[in-house]
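Colleague: I've got this model open and I'd like to talk it through with you. Could you put it on screen?

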Amino acid sequence: MSSEAAFRLVRIQQPEAHLLAGVLAMRRALMAHHQRTPPEEHFIERVTRRLDDETMFLVLGLDGETPMAYALAFDVAEHPFMPDWEHAGYITHFFVAPAYRKQGVGKALLATLMTWFASRAIAQVMLNVAVENAEGNGFWREQGFLPVATRMKRQVDPQALQAQGARPGDGQDL
């Protein structure tokens with residue numbers, strides 16, 4: 001492999017089976033690092049339904065016909081769960097196969113996203129990266145992204161909560 005990979009980036013706007021299969025292959029590799037992921041069927045159905053939506057940008061990196069990277073980004077004018085949300089770009093998926101890292105693929109992929117964001121008058125771009133993903137955190141910092149919050153989660157076990165005497169709010173004092 002040379003120091004600079006020869007590749008092309010393709011924006012997916014039509015449900016072309018071979019391109020969507022490439023996206024799924026890259027998503028599988030990305031999601032291998034996550035504990036819980038939505039089923040592929042949910043992901044591909046939601047993405048396919050929005051391919052003609054101008055607020056979604058899906059791009060696949062190909063080396064010949066071999067998938068080697070992908071990114072999924074959105075133009076988010078308002079967030080249903082955050083009343084103070086300001087118009088922003090959001091990168092939800094970003095993955096470069098290990099054999100293609102440190103060859104300019106990630107930078108080219110990000111440049112494509114940033115050009116799209118700029119064309120939509122988006123001045124702020126956000127993303128999530130796993131805390132334990134040192135390589136990913138390093139890449140994003142090198143590209144000028146800074147940490148601004150820690151996203152936390154907790155699994156909810158309704159049966160355990162009921163056993164502890166917790167009950168859902170019903171409009172009455174708890």
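Colleague: Let's start with His79: what is its relative accessible area?

Modeller: First, this is a predicted model, where local features need pLDDT of at least 70 and side-chain atom pairs count only at pLDDT 80 or more, while totals for chains, interfaces and linings use all residues. Residues are numbered from 1 along each chain as its sequence is written, and side-chain values use heavy atoms, with hydrogens and water left out. Buried means under 20% relative accessible area, exposed over 50%, and partly exposed in between (1.4 Å probe, protein chains only). His79 therefore counts as partly exposed, its relative accessible area being 23%.

Colleague: Where is His79 found?

Modeller: Elements here are DSSP runs numbered from the N terminus: helices are H or I with at least four residues, strands E with at least two. On that numbering, His79 is found in the loop between β3 and β4.

Colleague: And what separates the C-alpha atoms of His79 and Gly106?

Modeller: Along the chain, these two are 27 residues apart.

Colleague: Which element has the highest mean pLDDT?

Modeller: pLDDT is the predictor's confidence in each residue, from 0 to 100. The protein has a mean of 88, and 91% of its residues reach 70 or more. Helix α5 (residues 158-163) has the lowest mean among the elements, 76, and the highest, 97, belongs to α3.

Colleague: On to α4: which elements do its buried residues pack against?

Modeller: In α4 (residues 134-142), the buried residues are Gly136, Phe139 and Trp140. Down the helix axis they fall within an arc of 95° (taken from the directions from the axis to the C-beta atoms), so they line one face of α4. The face turned away carries the exposed Ala134, Arg141 and Glu142. With contact meaning heavy atoms within 4.5 Å, the buried residues pack against β4 (88-96), α3 (105-119) and β5 (125-127).

Colleague: What about α2: which exposed residues does the face turned away from its buried side carry?

Modeller: The buried residues of α2 are Phe43, Ile44 and Val47. They cover an arc of only 90° around the axis, which puts them on the same side of α2. What covers them includes α1, β2, β3 and β4. The face turned away carries Glu41 and Arg49.

Colleague: How many aromatic pairs does the structure hold, and why is the Trp116 and Phe117 pair tilted?

Modeller: Rings of Phe, Tyr and Trp (its six-membered ring) pair if their centres lie within 6.5 Å; planes under 30 degrees apart count as stacked, over 60 as edge-to-face and the rest as tilted. The structure holds six such pairs. Trp116 and Phe117 have ring centres 5.3 Å apart and planes at 50°, so that pair is tilted.

Colleague: Which residues do ring pairs link into a cluster?

Modeller: Trp140 counts as buried at 8% relative accessibility, and Phe145 does too at 15%. Ring pairs link these into a cluster whose members are Phe94, Phe139, Trp140 and Phe145.
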